[in-house]
Amino acid sequence: MLRPRYAHDWRPSWAGTGRARYECEDGQRSAYAQVVDAVRTSDGAIVALKRISRVYASQERQLGILLSSDQYRDDPENHCVPIYEALDVPDDEELQIIVMPFLRMWDDPPFDTFGEVISFIHQCIEGLHFMHKNFIAHRDCTWRNIMLDPSSLYPNSFHPVRIRRARDFKGDAKHYTRTQRPVKYYLIDFGLTRRYQAEDMPPMEDIVPGGDRSAPEHQDAALERNPTKKCNPFPTDVYYLGNVIRKRLIELNKGFEFLEPLVNDMVQEEPDKRPTMEEVSKRFAEIRKTLTTTKLRSRVVPRDEGRIQGFLRSLSHWFRRIGYIIRRTPAVPMPK
């Protein structure tokens with residue numbers, strides 16, 4: 001079921017009222033022409049409908065369905081966005097609509113604690129390692145193609161266009177922290193993704209730049225030294241994920257120096273010198289063992305945070321922490 005503005009008999013609720021379109025729920029248009037939200041009528045779940053071409057995006061549909069199949073669906077390391085079903089489009093044999101969970105960007109709302117960030121990185125590493133060990137290269141695992149399942153954070157959901165607002169557009173959307181309600185992260189967008197056979201390894205592919213154009217092997221200087229103009233996409237995947245951690249976490253926040261040795265290796269200039277995702281997974285597991293409970297529960301502090309802003313955020317953080325501890329502490333019965 002689509003939102004009311006997409007009904008065949010829809011009439012703008014602001015017509016004749018003097019209200020502006022942007023003030024009304026049905027005045028919100030989807031920001032993406034290919035994706036729209038809907039409600040699954042069987043259980044009320046919010047889903048995303050994505051229009052794809054059978055001709056030009058057949059790989060995305062086939063891989064998405066494969067990774068959602070019984071063969072892979074129940075693997076706890078699988079962080080590929082599931083496809084619930086694929087719908088045919090009446091009167092257009094070229095188009096198809098894939099139905100997926102309605103997700104939210106991985107860093108929104110902002111992280112509260114280091115432990116929440118560590119969980120995010122762990123799931124990303126786990127998800128990319130899962131793909132690589134099944135001989136699948138994502139080829140575009142950049143920051144825009146990682147999202148979270150918001151169903152636990154936002155039990156009453158949020159507006160799919162104005163995501164700060166409640167779904168009914170009455171007030172702000174209320175949410176928990178990731179510590180209070182842990183979330184699952186997903187890798188999305190398999191438009192450039194490729195699957196190989198064991199005998200194809202290591203593959204050499206034509207370079208197709210994705211969302212991150214900074215991979216050293218894709219630069220002009222490297223291509224001049226590369227007569228085939230091809231490269232192995234698996235080390236590039238490692239670079240992409242390492243660059244997400246470097247640019248979006250380490251460089252923007254204080255206190256993540258413990259990740260720098262691993263991340264520096266993931267983004268090395270020479271692809272052959274980068275660790276495999278299996279090695280990344282093992283090294284990250286060792287890093288996690290060194291982090292104390294105090295560190296994991298401490299607040300993530302942006303580098304550009306001012307003193308007053310920092311003081312207010314610290315108060316809010318500790319109020320949440322104290323409230324969380326109180327709720328988890330069992331009541332002590334009064335003596336008779």
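Please keep in mind that the model is predicted, so local features need pLDDT of at least 70 and side-chain atom pairs count only at pLDDT 80 or more, while totals for chains, interfaces and linings use all residues. Residues are numbered from 1 along each chain as its sequence is written, and side-chain values use heavy atoms, with hydrogens and water left out.

Let us start on the surface. Asp 91, Asp 92, Glu 93 and Glu 94 gather there in a patch of negative charge. In such a patch, each residue has over 30% relative accessible area and no salt bridge, and like charges are joined within 9 Å. Asp and Glu count as negative, Lys and Arg as positive, and His and the chain ends are not counted. The place of a charge is taken as CG of Asp, CD of Glu, NZ of Lys or CZ of Arg.

Now look at Glu 93, which sits in the loop between strand E3 (85–88) and strand E4 (95–101). Strands (E, at least two residues) and helices (H or I, at least four) are DSSP runs, numbered from the N terminus. With a relative accessible area of 76%, Glu 93 is exposed. Exposed means over 50%, buried under 20%, and partly exposed in between (1.4 Å probe, protein chains only).

The structure holds 16 salt bridges, each a side-chain nitrogen of Lys or Arg within 4 Å of a carboxyl oxygen of Asp or Glu. One of them joins Asp 265 and Arg 283, whose closest N and O atoms are 2.8 Å apart. Asp 265 belongs to helix H6 (residues 260–266) and Arg 283 to helix H7 (residues 277–290), so this pair ties together parts that are 18 residues apart in sequence. Asp 265 is partly exposed at 27% relative accessibility, and Arg 283 is partly exposed at 32%.

Stay with helix H7 for another pair. Glu 286 and Lys 289 meet through their side chains in a salt bridge (3.4 Å, N to O). They are 3 residues apart in helix H7, so about one helical turn separates them. Glu 286 counts as partly exposed at 47%, whereas Lys 289 is exposed, with a relative accessible area of 65%.

Salt bridges can share partners too: in this way Arg 3, Glu 25, Asp 37 and Arg 167 are joined into one network.

Our last stop is the salt bridge between the side chains of Lys 247 and Glu 251 (3.6 Å, N to O). Lys 247 is partly exposed at 40% relative accessibility, and Glu 251 is partly exposed at 40%.

Methods. Patches are made of residues with over 30% relative accessible area and no salt bridge: like charges are joined within 9 Å, nonpolar side chains (Val, Leu, Ile, Met, Phe, Trp, Tyr) within 5 Å. Accessible areas come from the Shrake-Rupley method with a 1.4 Å probe; for residues, only the protein chains shown count as cover.
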